[in-house]
Amino acid sequence: MGVQRQFEDSQKLADLHRLNVIRTIQDNDTSAYRGKRRKGFEELKKLAVDGKIVGIVAWDSDRLYRSMHDLEAMIEIVEAAPEGFTIHSVTSGRIDLNSSAGRAMARVMAGLGQYEVEHKAERQSRAQLQAFQEGRFPGGRVPIGYVLGDEPGTLDIDEPVAEVLRFLAAELISKRLKITSATRYFRDNTRHTKTKPVALRGVFLGPTIYAMRYYLPEVAKRRGVTSGTYRPAKTWKPILKKSQWNQLRVVLKSTPRGRPTSPSLLSGILHCGECGTKLGFSKATYKCSFTAGGCSSVSISTPAVERFLMQRTNAELSGNPHLLDGIQNDGAVSRVSRVIRDPDAELAALQKERTSLLNLQGEGLIDGDDIRNQLRRIVQQEAAIRAEGEHYVSEELRREQEATAIAVWDAIADDTSPEALRKKNIVIRAVLGEKIVIAKSEKGHRSGSKFNSDRVLLQEKLLPDTEWEWDDPNYEPEGESWKLSDQEIRALQASLPDAT
């Protein structure tokens, strides 16, 4: 409404001076603080530089420029424009940037405008800090899942929306849904009918629904600080648990974006024995393709290789009934080792160290190079702690998914639904390995439909027993020594990291 009033007043001024208005440009709700780029202002400068306009009408000079940076840009435009370029203001009349006296007055007014903006920013920053320290809601747009409380700075849970968020969080963690399908469900079952996937992703990754506050002051951003401080909120309750936050951050970060691909039993497991590329899926074959960056020289029958690997998985599970217990025990050992360290306490200590360094710089007790090096070290330590935490959570999720899938293996053996395929894929990875290499057929593309299981190189075939040198002089190996063929050597090289 304010912008509309300013437009009406500016139009009256243009009519009064019989000016031909060819374009109306507005930057609504866009800050000019510290010379931030404004789309409308950039368009205006281009029109002036291209000689398409001979003047400007603004409601006030601080609507046109509110920083010394923007003013100097306007002075350069006026000096380069043909004679007679004028700037009109509703509140202060004509702005003369052609004379030294006019430019001096404009610089004084721009300096006052910039002071007002910076002073306002300082007040807002101080208010944000106080709200953060007190754990209050600072104001602004009400977060999804909440409504404003009766008292200022408080939030109440919007229970119908919160129930949907809890359901979707569980579905995302278990990977039964991706963020796109989760957003579609969220739109259909809440009043937020225009929510986009990026917005819902931000809700799950942000601290608000876990009753946490986040603070990173603007001055710290300008000094290169990229991570702020978290603190529990005191005026609203969490919708999700903090453990779910860590899990969602790992899941949403690791899940590829875009449209979901067709589900398959061996998705992401089979690799080309020639170039190492993951094999693509079709109902007829798993094959290496040029479109995926592969060599397009390896393919294998889909029904045959799936049937073979299902049989191998069944055999391994039958021969090792304690596999599920082993996965659960690994998780218990990991949890015990995790308790030894407290990442939240370590991050809080680093944040306290950062605050002390910034205070020392403010008092002039440490120079710029020293503080940059110290802040860089703190950022690296924080990144290492968070990476370790994400790895731990990722491993926990993997073990939970493996245990759940193995427990229902017999029940889903003949199920071909996307959910069953996903669980069987998890079990095959846990039992046979994350990477199974398909060697090239000796007959090439003319190998026909006959399935050769020797082309499926499992971990045990990729790492066979070889000749060993023993300290015991009386030891003699039984039979002939085992030797890799050229084809198996290429498959082995494709399956291992470059550094191995």
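S10 is buried in this predicted model, with a relative accessible area of 13%. The residue belongs to helix α1, which spans residues 2-16. Leaving aside residues up to four places away in sequence, S10 touches V57, A58, W59 and V90.

Two packed helices are described by the angle between their axes and the distance between the axes. For helix α4 (residues 68-80) and helix α5 (residues 100-134), the axes come within 9 Å and cross at roughly 155 degrees. Angles over 145 degrees count as roughly antiparallel, and α4 and α5 are therefore roughly antiparallel to each other. Their crossing is right-handed. The residues that make the contact are listed by helix below.

| Helix | Residues in the contact |
|---|---|
| α4 | M68, L71, E72, I75 and E79 |
| α5 | R103, A106, R107, A110, G111 and Q114 |

A further helix, α11, covers residues 302-319 and has 18 residues. From its first C-alpha to its last, α11 reaches 26 Å, close to the 26 Å expected at 1.5 Å a residue. At the start of α11, the backbone nitrogen of A304 has a side-chain oxygen of S301 within 3.5 Å. A304 is also one of the buried residues of this helix.

Notes:
Residues numbered from 1 in each chain as written. Predicted model: local features only at pLDDT ≥ 70, side-chain atom pairs only at ≥ 80, totals over all residues. Heavy atoms only, no water. Helix = DSSP H or I, 4+ residues; strand = E, 2+ residues; numbered from the N terminus. Buried < 20%, exposed > 50% of the residue type's maximum accessible area, 1.4 Å probe, protein only. Contact = heavy atoms within 4.5 Å. Expected span 1.5 Å × (residues − 1). Polar contact = N/O pair within 3.5 Å; in protein donor to acceptor, adjacent residues only side chain to side chain. Axes fitted to C-alpha atoms, helices over the stretch in contact; angles between N-to-C directions. Parallel < 35°, antiparallel > 145°, perpendicular 65-115°, else oblique. Left-handed = near helix turned anticlockwise from the far one by under 90°.
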